[in-house]
Amino acid sequence: MTGATVDGSLLATSLRTRMCGSLRTADAGTRVRIGGWVHRRRDLGGIVFLDVRDREGIVQVSFDPRWTPAEVLRGAAAVGVESVVLVEGEVGARPAEARNADLATGEVEVRAATLMTLGPAATPAIPVARTRGEEPAAEELRLRHRVLDLRRPELQANLVLRHRLLQATRRHLSDRGFLEIETPILTKPTPEGARDYLVPSRVHPGEFYALPQSPQLYKQLLMVSGFDRYFQLARCFRDEDLRADRQPEFTQIDIEASFVQREDIVTLAEGLIVALFAEAGLAVATPFPRLAYADAMERYGVDRPDLRYGLELFDASDVFRGADFGITRAALAAGGRVRGLRLPGGARFSRKQVDELEAIAKSAGAAGLIRLRSAGGALEGPVTRFLGPDAAARLGMADGDLALFVAGPDHVSNPALDRVRQEAARRLELIPPGALAFVWVLDFPLVERDAEAGRFTAVHHPFTAPHPDDLALLASDPARARAVAYDVVLNGTELGGGSIRIHAPDVQERVFRLLGITAEEARARFGFLLEGLRAGAPPHGGIAFGFDRLAMLLAGASSLRDVIAYPKTTAARALFEGAPAAVPPEELSALHLRTDTSDEAAGAAAGD
C-alpha cells in the first residue's frame, strides 16, 4: 500500500516479524510471523484460505493439512471476518494457476503453522472487503462507522499519501530556509468572512477565545519579529453555513516570507507544487501561465478558470445593438451586455439538452439563454429574424456551431456562462483525460462594494497590499484599485491564494478607514498588529494552500472526506462520535454560560 516508501522488515515488533504487504517471491522459504485483520475467508472443505490485511497490503494465508495442524485448521475455519489474528508459517510460492495479479503479494502465500485470534470481531456494520465494481456503503453509514471505513485499502492509501505530502512539504520548505513555527489555537476573536468558533474562558468570566480561521496576523507579526521565512501545516476553523464538501476544520500549508515581491512567492509556490505532484507520481511543468483577474472574468466569467479547453466567452453586444428584441434591448439600455459562448459541434444538441443547459444558467441567476444554431449555412433560432444577414459572420459562427447568450449585467452573465461553459465542455467531451492546466490569476480588485451593507469590503482580506500604482485610487476611485494578490488555479479549482501584505502602518490605517473600520474599532480588533507594524516591519507576503483539497486531487478521491481521517458531514457533525453534543448544566455553569431553550430562541435559531 505504501509502495517502496517503507521496508516491511523495519516495522517488525516482538509480535510480528514482517508486514503482510511486504512479502515477495524472494521471501520464499522464510519463516515469518504476521499480524493483521482477516479481510476474507474461503473454506474449500478441508483447506481454508484467509486473506490477512495490514496497512502495507494483503497476503493470502493457506491452512492445509499438509502443513497445518488439525486444531489450527479448525480455528481458521471459525475465525470471523475483520478479526485480528497472528499467524506464523513459511512463505511459499503460489502455483502459477493460483497467482493473483491484483495483489503485490499475489505470487506468494504464507503456509500457516499457528494461528492466534487476538481480537475477535463482531459482524461488521459495513463491509470492508468489496468485490470489483461493488459500491461502498452509503457515506453517512460509513462516517458513522469510521473505524471500519478507515480499514478500507483505498482510504488507507489516501492517508498514507497524505502523510507523504505533509513530509514532502516540510522537506521542501525546510531545505529553503523556512522555519516551521506554531501559532496559537486559542486566539482573539477578529471575525473576517466566516464566523469564528468561540471558546468560553472559565477563568475570565464572560470572555471568549476564538479558534483561528487562519494564522494570518500571527505570521505577519513573525515577519516583524525577524523570522523572515515561516511555514506551518496549520489547523484552521471556520463556522460557515452548510456547504457541500467543506469542512469546519481543515489544514492549510501556510507560508510567509520577508523582503519579497510577488514573483518571489510565485516562484516558491510553483516549486512546492512541483515537489508535491512529484510525490504523487505526476510531472508538472513551470512556469505556469498568468492571467489578470479582469481578463479571467471577461474571457471565462470566473476567477478560477478551467484552461483544459477553450470555449471563451465573447461580447456580442454590437451584434444585438439595434435589434428589435425586447430582452437584449432592455439589457443594453440598462447598461448591461449580451455575452455568449460558441460551442463547436453544439448544433447537434437536442432541444432537451439545450433546455438542460438553460436550467443550469437559470440556477446561477440568469433569466434564460438566447439560442442560435448554425446549420446548412444559415442561422436558426427565435432571435434570428431580429439580426442582420451577416450575423453569423459577425458572431464568428461556423456551420454546426451552437451559440448561447445571456443578456444583462456582468454579475449575472458571468456565473451563468461559467456554469454553462463547464457543462458544455463535459458534454462535448472537450476535457483531455489526465490534463493538468495550472494558471496564476493576478491583480484582483482590492475592494468590492457590498450593496446590502452600503460599504466596501476586502476581496481577499484587509491586510492585502494595494498595487503601488493604484494607491491614489484609494481616495478617488477605490473600486478600481488593484491588490497585489494572486491565486493559483488547477483545472478550475483554486489550490491556494496569497498576497503581498501591507507593511506600512499608515497604509493599513487608510485601508481600514476605506472598509468602514473606525480608528477606535481598528485599535480594539487589530491594535496588536498596528503596534507591530509601527515597530518596524519589512516588506512581506505569502500564500496558503488548502492541503486537504491538494491531497484529494492527488489521491484521485471524489471528496475531501476521503483524505481526512475523521471528517465532519456537510452538516458539520462527527457521526462516529456524536459531536457536537449537549453539555450538562453544571459544566456550562463552570464556564459562566447557560443555554436559552425558550421557544423564542428556538424559533430564532431555526430562522437563521
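This briefing describes the fold, the barrel, selected helices and loops, and some backbone features of one protein.

The structure is a predicted model, in which local features need pLDDT of at least 70, side-chain atom pairs count only at pLDDT 80 or more, and totals for chains, interfaces and linings use all residues. Residues are numbered from 1 along each chain as its sequence is written, and side-chain values use heavy atoms, with hydrogens and water left out. The protein has 18 helices and 22 strands; helices (H or I, at least four residues) and strands (E, at least two) are DSSP runs, numbered from the N terminus.

**Overall features**

- The C-alpha trace spans about 90 × 75 × 60 Å along its principal axes.
- Of the 608 residues in the protein, 45% are buried; buried means under 20% relative accessible area, exposed over 50%, and partly exposed in between (1.4 Å probe, protein chains only).
- The protein exposes about 29600 Å², and carbon and sulfur atoms supply 52% of that area. Accessible areas come from the Shrake-Rupley method with a 1.4 Å probe, and for residues only the protein chains shown count as cover.
- Among contacts between residues at least 6 apart in sequence, 68% join residues at least 24 apart; contact means heavy atoms within 4.5 Å.
- There are 73 positive and 81 negative charges, and their mean positions are 3 Å apart. Lys and Arg count as positive and Asp and Glu as negative, while His and the chain ends are not counted. The place of a charge is taken as NZ of Lys, CZ of Arg, CG of Asp or CD of Glu.

**The five-stranded barrel**

- Five strands form a closed barrel in the order S1-S2-S3-S5-S4, with mixed pairing. From one strand to the next, the twist averages 55 degrees.
- Strands S3 (residues 57–63) and S5 (residues 108–119) run parallel and are joined by three bridges. Two strands pair if DSSP finds at least two bridges between them.
- Ser62 has Arg111 of S5 as its bridge partner.
- Helix H1 (residues 70–78) lies across S1 (31–43), S2 (48–54), S3 and S5, and runs at about 75 degrees to S5. Axes are lines fitted to C-alpha atoms, for helices over the stretch in contact, and angles run from 0 to 180 degrees between N-to-C directions.

**The loop between S4 and S5**

- Asn100 is in the loop between strand S4 (84–93) and S5. Asn100 is partly exposed, at a relative accessible area of 28%.
- Apart from neighbours within four places in sequence, Asn100 contacts Arg94 and Gly106.
- The C-alpha atoms of Asn100 and Gln60 are 9.7 Å apart, and these residues are separated by 40 residues along the chain.

**Helix H5**

- Eight of the nine residues of H5 (residues 216–224) are buried. These are Gln216, Leu217, Lys219, Gln220, Leu221, Leu222, Met223 and Val224.
- The cover over the buried residues of H5 includes strands S9 (229–237), S10 (249–258) and S22 (540–546), together with helix H15 (519–534).

**The S18–S19 hairpin**

- S18 (residues 447–450) and S19 (residues 455–458) pair in the antiparallel sense over four bridges. Asp450 stands opposite Arg455 in S19.
- Four residues lie between the strands of this hairpin, where Gly454 takes a positive phi near 70 degrees.

**Backbone exceptions**

- Most residues other than glycine have a negative phi, and most peptide bonds are trans.
- Glu82 is not a glycine, yet has a positive phi of about 75 degrees. Glu82 lies in the loop between H1 and S4, and counts as buried at 3% relative accessibility.
- Asn491, also a residue other than glycine, has a positive phi near 50 degrees. Asn491 sits in the loop between strand S20 (485–490) and strand S21 (493–500), and is buried with a relative accessible area of 18%.
- Thr286 and Pro287 are joined by a cis peptide bond with omega of about -5 degrees. Pro287 is in the loop between helix H6 (262–279) and strand S11 (290–292).
- The peptide bond from Ala579 to Pro580 is cis, and its omega is near 0 degrees. Pro580 is in the loop between helices H16 (547–555) and H17 (585–590).
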